[in-house]
Number of protein chains: 4
Amino acid sequence: MTEETPIPTRWVGPIRVSGNAVEGEHQVPLATYESPLWPSVGRGARVSRQVEGGIQVTVVDDRMARSVLLVAPDAATAVAAAHATAERLADLQALVAAQSRFAKLIEVRPEIIGNLLYLRLAFTTGDASGHNMVTAAADAILADVLAHQPDLEYGSVSGNLCTDKKTSAVNGLLGRGKNVVAEIVIPADVVAKQLRTTAQRIVDLNARKNLLGGIAAGSLRTANAHYANMLLAFYLATGQDAANIVEGSQGITWAEARGQDLYFSCTLPNLIVGTVGNGKNLPVVEAALERLGCREDRAPGVNARRLAALIAASVLCGELSLLAAQTNPGELMAAHVRLERRNQA
Amino acid sequence: MTEETPIPTRWVGPIRVSGNAVEGEHQVPLATYESPLWPSVGRGARVSRQVEGGIQVTVVDDRMARSVLLVAPDAATAVAAAHATAERLADLQALVAAQSRFAKLIEVRPEIIGNLLYLRLAFTTGDASGHNMVTAAADAILADVLAHQPDLEYGSVSGNLCTDKKTSAVNGLLGRGKNVVAEIVIPADVVAKQLRTTAQRIVDLNARKNLLGGIAAGSLRTANAHYANMLLAFYLATGQDAANIVEGSQGITWAEARGQDLYFSCTLPNLIVGTVGNGKNLPVVEAALERLGCREDRAPGVNARRLAALIAASVLCGELSLLAAQTNPGELMAAHVRLERRNQA
Amino acid sequence: MTEETPIPTRWVGPIRVSGNAVEGEHQVPLATYESPLWPSVGRGARVSRQVEGGIQVTVVDDRMARSVLLVAPDAATAVAAAHATAERLADLQALVAAQSRFAKLIEVRPEIIGNLLYLRLAFTTGDASGHNMVTAAADAILADVLAHQPDLEYGSVSGNLCTDKKTSAVNGLLGRGKNVVAEIVIPADVVAKQLRTTAQRIVDLNARKNLLGGIAAGSLRTANAHYANMLLAFYLATGQDAANIVEGSQGITWAEARGQDLYFSCTLPNLIVGTVGNGKNLPVVEAALERLGCREDRAPGVNARRLAALIAASVLCGELSLLAAQTNPGELMAAHVRLERRNQA
Amino acid sequence: MTEETPIPTRWVGPIRVSGNAVEGEHQVPLATYESPLWPSVGRGARVSRQVEGGIQVTVVDDRMARSVLLVAPDAATAVAAAHATAERLADLQALVAAQSRFAKLIEVRPEIIGNLLYLRLAFTTGDASGHNMVTAAADAILADVLAHQPDLEYGSVSGNLCTDKKTSAVNGLLGRGKNVVAEIVIPADVVAKQLRTTAQRIVDLNARKNLLGGIAAGSLRTANAHYANMLLAFYLATGQDAANIVEGSQGITWAEARGQDLYFSCTLPNLIVGTVGNGKNLPVVEAALERLGCREDRAPGVNARRLAALIAASVLCGELSLLAAQTNPGELMAAHVRLERRNQA
């Protein structure tokens, strides 16, 4: 019997945003057990509303990937099969198109280790995050490759070079999900009044903590304070497969002092989200997506990129707020104590 | 105004378990939008019940960490401060003990980069996951170190060498959360009947996909198929801070053929979970923890380790089931289609 | 005044090889202070001569990369500049062709972090490893991009996304240097007689040590025992820039039991080597390259790929020999003691 | 028959140094095919001589490690064996002391994956880099553990958690070799005159290239421009096992603007070098070590740490010089062309 686990949820903001995927001021939903997250993102939203254009969000790329694994007798056979498959790209694209209205195959990339052939398949998937769409397409492509390459054997429909819900470098370097940059230039007086700090102190903290501290920790393509918190809360509120926060959290915060003003950015190369598919038809989720303006009648992919842009803006709000707090000794703990009390009241 | 996002939840199993933290047969709650997860974990649970002792779970270690960041004029000063602080370990332990009934400081580990001094503080935190407990302790220790080392300046209460909710090598190598191994030896006939595969095919797939595929993907201390799915669902159902699946997902699946039987294990070095604290007092969560037997009157930490053991067993169930499916061409997709239809019916 | 540091050097083998870059039996030069390396590679060479076709070597890819760094005011400008530059690919190719007889631009790949634009430029470079060739080309391309994109500023001629002589995932995933697979199938009796072990024991050791041990160590795209030793010795003997063993050592050993026989392979995605350029005209180096048959009058790149294939075969010899020794308790240390004594005699 | 590969070598400097391992002004030997390295390090040396105290070098730690691999039936047995071995630390230390005058066992650290037990053994090794010393000690410890733990089986004398000559996070986080920080504060006028740049431009380049570019490249505990070049050249000239530049190159450059002055540092956690042992008795090497003052009659380890300090100072010189050059468009290429011509003349 299916029950329900209710996650406390608040709409925060509005956040002011602009860019190539969404414009205007929008409240955002955050479902979380960690109630201090709401005022933290709220503070960032307040900052955004004091800046012309608010947070500028740029969607840089949009794709979904699945890697299949084939077993060859030796590397030479694997190389030959990779080349032959590359030449049949148009056939494979037709195969995918015949199977799905939305999935489009855009790249087949081989990787050979010993006698093993991994083919990393990249697709666009419209407004779906695309997990199932690309698995179905990979299944068909795998069968087709095996039919054309009798020397190969089935290895796996997923060879972990995709890679789904696991830390990796491949997703960042080759792309998986929406690649989004959120950025803002905050005047010195807003930094002082709203964030109680200075541009230079944010820049120094980002370098020492997110960049150097991350490097020292043996992080991988990760330099941020807490992207995972905002991602989890937004993903849950909008019916996403929130296990994808694993790769989603592999993003980079970069700040510069521009005179006394602060340039602050969050780069999120792997936002694996959609506005249709699994989980999106539950009433609460559907209402959330509608309120975010992500269920309009638009070209495939536009709603999903709008959603990704709003997520990236929310990440920036929470990241900025926490870093600002950590520039001041004792502020983080005091805020936590105060906010948890207030939220529990 | 706080609303709720209801996550579909089912109790799956029971899973048969044994080891140093939990014994017997226990159903487990999984809150997820991805309904195929339930029968997937359920299949693994069925396997566990056909093996004497079921899944053997060993809790190897239990700690929580926070790193503070101090700024020195140069490395020599940072080294001297690190040594002086190491000699004051007993004082710092007393400081922490005076502040909290449950937090105990067990290690102070310095890391020096140029003129920056990171102190990674490790604690036991009883039945709490310990995020706030160690932040409060770190705040106090930081103030104390600054008072004793006038040449140092405040850098940050968190220097990202902790590290929280971000991919890293440090958490696996130095420990953060419960370090748990779940393992099982499955007779050949159970592998054949319940999993429709063979021990050798699981071993080969694990090597080619989880180990080699993960290495090729540029993964970091990660070799598994989908730990994140089970972790997310269990964490949400039990009120955990589910953003900690980021490091939780950095675990290793290891399988061996023992004759025709299958040895199968999941090593999860970073399960950051608790049975008290934030989110644990919501009625649904409280009921879930009680049903799991994790709210008994026991020595501090015992309930939380029991919970971690049940989580690790659930991870093994889902991991085993998916890998078995992927040894058979087409099975994964067919199962997804069938299960999603059934669950939506 | 230039002096000389003489590195002890021996020609080892011959190694029997076949594949798409070199055929026949060839001795190989190893310059090293670690004299046990010679008999270790020699043992592998002996194995190769007892197998038909010997070590099969497949050159999978061949390219050299350099990344330039440009500073934009914001991400939107960076994206626009990346697109505009992609459309000018033919112009940039002509620019490179006008400057060098051998460098050919084959790919321009953007990566955007906040307001920063990294362009990773890939080239073929004939028989040169290509460090200077691609730096010169990058200089010209950088100037050209800056001329066409007045909103961008110079960041660096190298943005470390190349990346040269540093551990990374990017070189393996996107390619830099020769990507080479060396493999061999060794009959059970040769395994027993020459290597004093069995196929299964090699397979088990490789999985437990190179794959799992490497993963546990937080390695990155690295699963081998000691590629760096063979690479260093071969690079020095042939005038290579041996600092490139850093990325060269990021390779993967993969073994399978085929019945009682052993399939053994070394995948080396980043062999950055050449047969012309810096260091190649010293008399000893020139003689070594000639003896290896790598200074013949062939199409550009053929000599360098032949060299890379011989290097990969030598790596396999040494890797196989060490792993075989480590399957037997105490053998490694005893061999070291014996060999060092003999070599010093 | 042993031949020789002569590597062109020059003594560069002197470099002015101070700190806890070496004082004064010292020329350093660099053996390399890449002749532009000499003037590059030479420029850094010139800068050092214009600063009081020159480059301050701090040796933070000094150890050598080897990991053995044991196979247990299950994790519970592995944990029990790890605990039992920890309790026998004094016995194992005595065992090592009986075998070697210089090797001292300082730590035994277990890591458990499934049923596998890795013991990472850390030692001090006097003036030797210690490869063979720790292998011999590990052999003895392994035999002893197996004798006391009849449920365990031999896995490997090296389980790759050491790890030797391979990229990893473990060496940086747990230590292997000398952990050294070299740093300098350069007055603004010296930055301008000798390096033709400003402190802020160096700081910006380091952040954008070494930190961010490295993170984007999927580097691991690596943020520098070209440590490997200086390490290779110095290692070859002093008889080191230069394959250890693989981990040696995993270091971090960190710069700060202090007003108009430049704070510049290189942190090198894994300098695996010695002044006695393999390769150190060749006449040219012996002469080099003597000229560096590293063959004096001192307490064990002092000569080797002095050597490591000189290496770190040389790394700083070359790193500073290259970064300064890359702040100026076109300077790098022009310098290369000019220097190669001059050196070949």
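Helix α11 of chain A is largely enclosed by the rest of the structure, because 23 of its 25 residues are buried, where buried means under 20% relative accessible area with a 1.4 Å probe and protein chains only, exposed means over 50%, and partly exposed lies in between. The helix covers residues 302–326 and reaches 36 Å from its first C-alpha to its last, close to the 36 Å expected at 1.5 Å a residue. That expected span is 1.5 Å times one less than the number of residues. Helices here are DSSP runs of H or I with at least four residues, strands are runs of E with at least two, and both are numbered from the N terminus.

Please note that this is a predicted model, in which local features need pLDDT of at least 70 and side-chain atom pairs count only at pLDDT 80 or more, while totals for chains, interfaces and linings use all residues. Residues are numbered from 1 along each chain as its sequence is written, chains are lettered from A and ligands numbered from 1 in the order in which they are written, and side-chain values use heavy atoms, leaving out hydrogens and water.

Helix α7 spans residues 199–216, and 15 of its 18 residues are buried. Where is α7(A) kinked? The kink, of about 30°, is centred on N206(A); the bend at a residue is the angle between axes fitted to the seven residues ending there and the seven starting there. Just after this helix, G218(A) takes a positive phi of about 70°.

Next, the domains. Chain A is assigned domain 1 (9–61 + 177–344) and domain 2 (63–156), with bounds from an automatic or database domain assignment. Their centres, taken over C-alpha atoms, are separated by 35 Å. Domain 1 of chain A gives 17 residues to the contact and domain 2 of chain A gives nine residues, contact meaning heavy atoms within 4.5 Å. About 900 Å² is buried between these two domains, and carbon and sulfur atoms give 46% of that area. Buried area is the accessible area (1.4 Å probe) that two parts lose on being put together, summed over both.

Finally, the two chains. The same surface serves both copies, as 100% of the contact residues of chain B recur in chain A.
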